[in-house]
Amino acid sequence: MNIKNILTKYPKPMILATAVLIGLALIYLSDSKERKERVDIAGASSELETYGTALEKKLEEIVEHIDGSGDATVMITFETSFEKVYANNAKVQESGNDSNAFTDRTTEKEIVLAGSGTSAESPVLLKELCPRVEGVAVICSGNADKDTERKIKDAAVSLFGISELKVYVTKGENNNRTE
């Protein structure tokens, strides 16, 4: 029996079977897209965590070189994650009346893609912005006085461009860390 005979003899079951196969294919494709998005989010989170850990270690080293601070433990929180800025073609349409009392402005942006016109095209990345630091906490084991605390705050403020109010410095236990 060939396919043409099967289709003419059993049209409804074949249509139903085809619909089920198409449905399963669509479910698979949407699920794989969600899995890719979850992996992308996990990768971005891991990248932010690595970046944060590196900044914390560098600040710890700087603080530990400030006289009177002793060993330091640092925690940094971020306001944002990494931001990517892509090239785009913007079209701006403006309209208004003679008295300039009414102005209507519309902006359309279209991401610029690089590639050979196939599915392998990708957006043109102009720059990647580092996460903005939201706050810093520093715990020192030394006998930090007000002058030492001021120096630590000044270091964090100048390094991260944040307000002094977003930097917390306190004396902690002298736990003699070993690394």
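Trainee: Is L24 buried or exposed?

Mentor: L24 counts as exposed, at 51% relative accessibility; exposed means over 50% relative accessible area, buried under 20%, and partly exposed in between, with a 1.4 Å probe and protein chains only. This is a predicted model, in which local features need pLDDT of at least 70 and side-chain atom pairs count only at pLDDT 80 or more, while totals for chains, interfaces and linings use all residues. Residues are numbered from 1 along each chain as its sequence is written, and side-chain values use heavy atoms, with hydrogens and water left out.

Trainee: Where is L24 placed?

Mentor: L24 is in helix 2; helices are DSSP runs of H or I with at least four residues, strands are runs of E with at least two, and both are numbered from the N terminus.

Trainee: Moving on, where does S69 sit?

Mentor: S69 belongs to the loop that runs between helix 2 (11-64) and strand 1 (72-78).

Trainee: Is S69 buried or exposed?

Mentor: S69 is buried, as its relative accessible area is 0%.

Trainee: Which backbone oxygen does the side chain of S69 reach at 2.5 Å?

Mentor: That oxygen belongs to V63. The S69 side chain also reaches the backbone oxygen of I66, at 2.9 Å.

Trainee: Which residues is S69 in contact with, leaving aside its neighbours within four places in sequence?

Mentor: Among them are C140, S141, G142, T148 and I152, where contact means heavy atoms within 4.5 Å.

Trainee: And C140, is that buried or exposed?

Mentor: C140 is buried, with a relative accessible area of 1%. C130, by its value of 44%, is partly exposed.

Trainee: How many disulfides are there?

Mentor: The count is zero, a disulfide being a pair of cysteine sulfur atoms within 2.5 Å.

Trainee: Changing topic, how many salt bridges does the structure hold?

Mentor: There are seven, each defined as a side-chain nitrogen of Lys or Arg within 4 Å of a carboxyl oxygen of Asp or Glu. In one of them R132 pairs with E79, their closest N and O atoms being 3.5 Å apart. R132 lies in the loop between strand 7 (125-129) and strand 8 (133-140) and E79 in the loop between strand 1 and strand 2 (83-86), so this pair ties together parts 53 residues apart in sequence.

Trainee: Which residue forms a salt bridge with R132 at 3.7 Å?

Mentor: That is E83. E83 lies in strand 2, so its pairing with R132 ties together parts 49 residues apart in sequence.

Methods: Polar contact = N/O pair within 3.5 Å; in protein donor to acceptor, adjacent residues only side chain to side chain.
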